[in-house]
Amino acid sequence: MVSIKARNPLEMLTAALASANQQLHFMATHDTLTSLPNRAHFEHRVDEAIADAGRGAGPFALVVLNLDRFKVVNDALGRRMGDELLRIVARRLRGVLRASDLLARLEGNTFAALVSPVRSAGEALRGARKLLLALHAPVRLEGTDVHPSASIGIACFPNEGVTGEALFARADAAMYAAKERGRHIRLFEPCMDRLGSGRMQLEADLHRALKQRQFELYYQPKIGNDCARFCGAEALLRWRHPTRGLLAPGEFIPLAEECGLIVRLGDWVLHESCRQLNAWRTAGLSAVQIAVNASAEQFQDRDLTSIVEHALHEHGVAGHDLEIEITESAVMRSPEETVDTLEGLKRLGVSIALDDFGTGYSSMGYLRRFSLDRLKIDRSFTADITTSRRATAVLQGIIALAHELHLEVIAEGVETPEQAAVLKGLGCDQYQGYLFGVPLPADDFARLLRHQCPHSAIGP
């Protein structure tokens, strides 16, 4: 018989302490969601790589990767599915890197890779392309195919920096340049330092603009199917920048979302729209319904019903004079809470339009539960209806579904009489686009209201 010697209690305690220390060390140096090294550990390894390069180990590349449109997935499918996507992405990226490379999750939807050694910038680019290809296949999340993509910035040691701080800053700058210019991968270039500083300056300007009231609302008319009168208008935000002139939303709204100013901007738009409605009524103009866009942050993170009620009361505006436009991703973030919020707004008499319909992740089943008044068809559908039978068939199906659910349909981006004629034939209820009117400052839109003569572009 083989005798098994019992372990000494002191040995057992020592082993347990060693195991606990290993676990604590791992938790301190790794991301709990993906089990990848965290930012602190990655920065330490970059510093080690710089020291090793000084001893002859050779150059390396720092690669920063940010998932595109990750917020849309989080909003539409929920944080749990967003976390699952991050875990899948981590496995895919790790699977294409070499044993000598290191992958980390820095924060949120941002990853970084230490690619070492690299003999040239071209080799670093080839490695980055492998990372993009690893993301190419769709990911199935709760019955929805999500197609991951990313923006990647690359900074090489020693050409783009000899310190970890410089390399991170320049890889970040290259990544943002890739994202802003619609290119998936960018190597750092000296001009990008100026882009980065310009981005920081724009953020500072944005904070100042709220204090100094540099924002304006423009109003784009909507007309009904009879073309007899304007039936409403959409309030569109503009920033009159002191040195850059009039800026459209696409030039600053993404930054406002990133730096946490979007809720304050949204509140200002709501109050200014209500104030303007009251001013038009006081001037003797027949007030039209004004549509105001609500961000996902406004819709989910605050009591939107009480905020809207306060704005209506403060400016003496009736609820039926206001329409709130919300996106599919906003309403699908938390469907149960969405139902409560929409019902609260409806009790105030406010109309609800689902904006950009067809571009998000909504379930048709939920449309029956939500207290909606209108579906707003995205301009990407409108653009093809005179040249594509498939686009026309899709629109016909959307309009039929909406009418079955007793919802009106608004088509945006209507630019030609031919598009308007097709939309009328399909039963569209309202139209918005350059064919009927461009966005106008409040005074110019008031003159339009006085004349009430929309262009009859879709026939009798």
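The lining of the largest cavity divides into 6 nonpolar residues, 3 polar and no charged, where Ala, Val, Leu, Ile, Met, Phe, Trp, Tyr, Cys and Pro count as nonpolar, Asp, Glu, Lys and Arg as charged, and the others, Gly among them, as polar. This is a predicted model, in which local features need pLDDT of at least 70, side-chain atom pairs count only at pLDDT 80 or more, and totals for chains, interfaces and linings use all residues. Residues are numbered from 1 along each chain as its sequence is written, and side-chain values use heavy atoms, without hydrogens and water.

A search of the whole structure returns 1 cavity of 30 Å³ or more. On a 1 Å grid over the protein atoms alone, a cavity is a set of points where a 1.4 Å probe fits but cannot get out, and lining residues have an atom within 4 Å of a point. Points are joined across faces, edges and corners, and the volume is the space filled by probe spheres set on them. The largest cavity has a volume of about 40 Å³. Among its lining residues are Gly266, Leu270, Val292 and Ile324.

The following elements each supply at least two lining residues; helices (H or I, at least four residues) and strands (E, at least two) are DSSP runs, numbered from the N terminus.

| Element | Residues |
|---|---|
| Helix 9 | 262-282 |
| Strand 11 | 289-293 |
| Helix 11 | 304-315 |

Overall, the protein has 18 helices and 17 strands. Of its 460 residues, 50% count as buried, meaning under 20% relative accessible area with a 1.4 Å probe, protein chains only.

Note on methods. 1 Å grid on protein atoms, 1.4 Å probe; cavity = no way out; pocket = protein on both sides within 12 Å on 5 of 7 lines; lining within 4 Å.
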